[in-house]
Amino acid sequence: NYPSLTTQLPKLTDDRAFQDKLASRCSYFTIHPPKMIKQPHRLPLLIVLFLASIPNSCTEEVKQIILTIRNELPREVEIRWEGPNDNRHSHGNLPPGKRLLLNSIPGHRFVYDYGGEEKEIIASEEETEVVLRDEAMIDDQMMAFTLRNELPTTIQIDWEAADGKSHSHGLLRYGKEMEISTFAGHHFTYGYDGKKFRITATKERDYQVLLGHLEDISVQCDTLITRNQTVDSVTIKVKPSWSPRGAARFLDLVRKGYYDGVALNRVVPQFLTQFGISPNKELRNEMKEDRIKDDPPVGVDFEAGMISYAGNGRNSRTTEVFIVMPGVSVDQLNHFGTNSWETPFGIVDNVGGTVVGRFYSYGDMPPWGNGPQSEKIYEDGGYEYLKREFPMMDYINKCTIVQSSLKLKDDNHGEDL
């Protein structure tokens, strides 16, 4: 009579599933006494024999790991766990650019099919992240694709497979970026204002700003004209299609209030107006080293009113920008853009009718003129230096994104969702 014990004994049969469990891990089982046992007093002996059959490793704690599998292959693959006796269990399909997290233990074997062959993954403590790659294709087609959301809402990014099925890459909030490991030629979609928009990853356009049906975003900058203490507004049409990284950086700085109170420290009539050194010392020195990559030119020629970044070498753009002044010469217009960092990302709306041509000028910076030295503005007391040495200098009071410019303008773009 062993009622509590007999209900917890294993059913010692040749059941294959039971053998798989016993061979693959140390577990507790629901146990039933074999019917062939007629004498209950022999059950303790059976228990001893059963416990003796358990491997010694089961008396030790098994270390669990989180195995991350990232798919950088050009198509989705099925990930399967392979247990003892070729017993396999599917973990589902893994689309390109996506990750799969698995609870596992060292030594577990996973397999997937690619290129007509079965590939294996062995879980280990030393390598907890595995990347699935086609080495023959990496140099030619693999790429990092960055998407920037400048629409005033959260949008869902989907990868469009060759069979027409869509696989979600998650949500992308306003003003944020998503980097996707993918292949050139892959298509992605997102929805906005009841329309579906399609974008294609290419190595030439590896950074794209999502604008839906929009062509530009308006930024209004209120400028303080010091000599008569008046405030005049200037509207900048930011065009990400001209320079996506440059446009995204400028819009991000506007949202952060970086240009609020900034000095128009380099004003040269019929040439340019340059600004972008923040009055906040900590912020300007932090952003001074935060460089962005150059954008490849897209065939947009410079004209008066266009705005671009100042720089001092390849991939040197940070926060300082310049506006091309009215009356600029043709020769100078042709020279703009010969430096890799000079790609226009926007244009001042109706520049000839704005205050831009009337900004106070102290001349170019040394040694070409008697204007302020940029290096001194970055130092402690930089803005005190400007107030003291250049009292008639003009300033930007505040720049803001015009939210009405983000509203639907027409229905001629995108597909109906």
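Which residues have the most contacts inside the largest nonpolar core? This tour of a predicted model begins there; local features need pLDDT of at least 70, side-chain atom pairs count only at pLDDT 80 or more, and totals for chains, interfaces and linings use all residues. Residues are numbered from 1 along each chain as its sequence is written, and side-chain values use heavy atoms, with hydrogens and water left out.

**The nonpolar cores**

Select Ile-157, Val-219, Phe-250, Tyr-259, Phe-275 and Leu-386: these have the most contacts inside the largest nonpolar core, which has 67 residues. A nonpolar core is a set of buried Ala, Val, Leu, Ile, Met, Phe, Trp, Tyr and Cys residues joined through side-chain atoms within 4.5 Å. Buried denotes under 20% relative accessible area, exposed over 50%, and partly exposed the range in between (1.4 Å probe, protein chains only). Helix 5 gives the most to this core, namely six residues. Helices (H or I, at least four residues) and strands (E, at least two) are DSSP runs, numbered from the N terminus. In soluble globular proteins, nonpolar side chains tend to be buried together.

Next, centre the view on Phe-250. Residues up to four places away in sequence aside, Phe-250 touches Val-219, Ile-236, Val-238, Tyr-259, Ile-307, Tyr-309 and Phe-345; contact requires heavy atoms within 4.5 Å. Another core, of 17 residues, lies apart from the largest one and includes Ile-65, Val-77, Tyr-114 and Val-130.

Strand 8 (residues 142-149) pairs with strand 14 in the parallel sense over four bridges; two strands pair if DSSP finds at least two bridges between them.

**A hairpin**

Move to strand 9 (residues 155-160) and strand 10 (residues 166-172), which pair in the antiparallel sense over six bridges. Asp-158 stands opposite Ser-168 in strand 10. The hairpin has five residues between the strands, and in it Gly-164 takes a positive phi near 90 degrees.

Select Ile-323 in strand 20. Ile-323 is buried, at a relative accessible area of 4%. Leaving aside neighbours within four places in sequence, its contacts include Phe-271, Phe-275, Met-306, Ile-307 and Val-356. The C-alpha atoms of Ile-323 and Ile-347 are separated by 8.1 Å, and the two residues are 24 residues apart along the chain.

Then view helix 9 (residues 382-389), whose buried residues are Gly-382, Tyr-383, Tyr-385 and Leu-386. These cover an arc of only 150 degrees around the axis, which puts them on the same side of helix 9; the arc is that of the directions from the helix axis to the C-beta atoms. The buried residues of helix 9 pack against helix 6, helix 8 (374-378) and strand 22 (395-401). On the other side of helix 9, Glu-384, Lys-387 and Arg-388 are exposed.

**Salt bridges**

The structure holds 28 salt bridges, each a side-chain nitrogen of Lys or Arg within 4 Å of a carboxyl oxygen of Asp or Glu. Show Arg-317 and Asp-294, whose side chains meet in a salt bridge (4.0 Å, N to O). Arg-317 lies in the loop between strand 19 (306-309) and strand 20 (321-324) and Asp-294 in the loop between helix 6 (281-288) and strand 19, so the pair ties together parts that are 23 residues apart in sequence. Arg-317 is buried at 0% relative accessible area, and Asp-294 is buried at 10%.

Finally, select Glu-78, Arg-80, Glu-82, Arg-88, Arg-109, Asp-113, Glu-118 and Glu-120, which salt bridges that share partners join into one network. Within this selection, Arg-88 forms a salt bridge with Glu-82, with the closest N and O atoms 2.5 Å apart.
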